[in-house]
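User: Hi! I am new to reading protein models and would like to learn how to look at one, feature by feature. Could you walk me through this one?

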Amino acid sequence: MSKQSERRPERQEIPASMIEQKNQRKKNQSASLNKMAFTAGFFFIVAQLLARGFNFIVTPIYSRLLSEAQYGIVTTYESWLLIAYTVMSLCLWRSVDVAKHDFPDDYNGYVSSVHTLSYISIAIFFGICMIFKKQVMAFCDMDDLMFYMLFLYVFTYTSMLYVQRRDKQVMRYKFSTAATILTIIPGTVLSIILIYNGRIQGLYEELVHRRIVGYYLPQIIGGGLIAILIWWQGKKFFNKKYWKYGLAFSLPLIPEALSVQIMNQSDRILIKKIVGDTAAGRFSLGMTISYVIWILEDSVWNAWIPWLYEKIAREETEDVIKPWTTVMHMFGLLSWLLVVLAPEEIFILGGERYRAAVWLVSPLVTGTLFRFYSYSYSAVQNYYKRTQYVAMGTIGAMVLNLVISYIGIAAFGYMAAAYMMAISYFALLLLQGFLEHKITGMVIVPLGKTVKISLLYLVVNLATMGLYQVPWYLRYAVILVVLLAALKMFYPQMRAVLKMIKKK
């Protein structure tokens, strides 16, 4: 025997009890993470549903208190706000999702520092717009009050986005939930009261201003207080490293965010130009129903993503596919429920004169479902900071939608736009799934599996339109059977959630 082999220490086997303890600790940590994610996610979803759902519920009130022209001014103004905070804040608040894993020891400092950079950017945009104020106001159809309220809102709503993203990542929920509810709901109630009193007093020309001031002022005040809180907690106004990190992550996402907004608005603009105002109104009503699933999807996804990123960080991605598959099926069933109830939904929102819009619901809702499914692939690219590829995919889908929608509307009428949107989102799903594997080398959810589920609900939702021709009680019988079957299918997952709550 050689001296080298004599000096080699004997291999000591790890006792089975130690291995078992290690595995148990891992299980306990995973269970704790799941519990925290569930609790924080649940309350985040509740807050989002209360805020966005409340606005959806009061839409018929606004449409009746305001004239059609005034309602059009308000909704157009809201579109400008959506575009403004996306661009002017440089989308830096989106970097908060991934910064937690790179700066865990100074997370609040990161948020505070990059929050300052967003404010500097907004201030620069404000200065430029002040120089060209007349031109900006004319282009956007705004007056002085609308112009200044826009910038106040962009400043303070950006702070709200930061605190929501931060608290979501650390799986806290109480503060951001309260902040969301205590700004949105009072603003909505105040705006309705101001508009109603204005009508009683005969101040019809002031109704738009009353809606804007009443709705946005509480949010501006709340957002301003949150801005102070972010700086007080983080205690950092400038950090070159954090600024470079945030810019590198977020700047490529601006084209993506704008592309999404263009996809949301372009079809209505094209329909109005090619077909007319009536067709554009019907299409908008159909889009309103798709916003229901859009709101739910975004709320669930925002609650889901901290858990997903934590699983990726721990290299436990094998735990993702099963619950995500369940989520895909649950939203697929929700999309079907919206489709099968489309006649009732259209009647409640618009009345008999919008009856033709019922044929738009199925493709629009299904397209929104495809968009949601694509999140599972773009999220991985965001985690690895490959945001330029996420933007590339979204821009590509936007360009495709513009081209095929124009051709489809011109050749087949306004309803073709709904199907073109679904095709565009399906293309986005395919592209993001391909890019996830190509760029990151990871496959958390196999693309083939997602495509099969997508095509399943596409066929089911399109076929469901045939039920519009049968008596209502037959449709309701089908709904009852499907819901009972779904309850049986998802009962084990529901029982697991209830068990989690019971243990808390």
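**Reading the model step by step**

Analyst: Let's begin inside: Trp-301, Trp-304, Leu-308, Val-320, Trp-324, Ser-376, Ile-444 and Val-445 line the second largest cavity. Please keep in mind that this is a predicted model, in which local features need pLDDT of at least 70, side-chain atom pairs count only at pLDDT 80 or more, and totals for chains, interfaces and linings use all residues. Residues are numbered from 1 along each chain as its sequence is written, and side-chain values use heavy atoms, with hydrogens and water left out.

User: How many helices and strands are in the protein chain?

Analyst: Helices (H or I, at least four residues) and strands (E, at least two) are DSSP runs, numbered from the N terminus. This protein chain has 19 helices and 0 strands.

User: What share of the residues in the chain is buried?

Analyst: Buried means under 20% relative accessible area, exposed over 50%, and partly exposed in between, with a 1.4 Å probe and protein chains only. Buried residues make up 49% of the 504 residues in the chain.

User: Which residues touch the most other members of the largest nonpolar core?

Analyst: A nonpolar core is a set of buried Ala, Val, Leu, Ile, Met, Phe, Trp, Tyr and Cys residues joined through side-chain atoms within 4.5 Å. The largest one has 125 residues, and Tyr-77, Leu-150, Tyr-216, Trp-301, Leu-308 and Trp-324 touch the most other members. Helix α12 (residues 277-313) gives the most to this core, with 15 residues.

User: What is Trp-301 in contact with, beyond its neighbours within four places in sequence?

Analyst: Contact means heavy atoms within 4.5 Å. Trp-301 has contacts with Leu-308, Trp-324, Phe-372, Tyr-375, Ser-376 and Ala-379.

User: Is Glu-297 buried or exposed?

Analyst: Glu-297 belongs to helix α12 and counts as buried because its relative accessible area is 0%. Apart from residues up to four places away in sequence, Glu-297 touches Phe-331, Thr-368, Leu-369, Arg-371 and Phe-372.

User: Where is Arg-211 placed?

Analyst: Arg-211 sits in helix α9 (residues 207-234). It counts as buried because its relative accessibility is 4%. Beyond residues up to four places away in sequence, Arg-211 touches Tyr-62, Val-74, Glu-78, Ser-191, Ile-195 and Tyr-216.

User: What can phi tell me about Leu-90 and Lys-235?

Analyst: Most residues other than glycine have a negative phi. Leu-90 has a positive phi, near 60°, and lies in the loop between α3 (68-88) and α4 (96-102). Phi of Lys-235 is also positive, near 60°; Lys-235 is found in the loop between α9 and α10 (240-250). At 17% relative accessibility Leu-90 is buried, whereas Lys-235, at 61%, is exposed.

User: What does Ser-89 contact, leaving aside its neighbours within four places in sequence?

Analyst: Ser-89, in the loop between α3 and α4, contacts Ala-84, Ser-118, Ile-122 and Thr-158. Ser-89 is buried, as its relative accessible area is 0%.

Conventions:
On a 1 Å grid over the protein atoms alone, a cavity is a set of points where a 1.4 Å probe fits but cannot get out, and a pocket is an open set with protein on both sides within 12 Å along at least five of seven lines; lining residues have an atom within 4 Å of a point.
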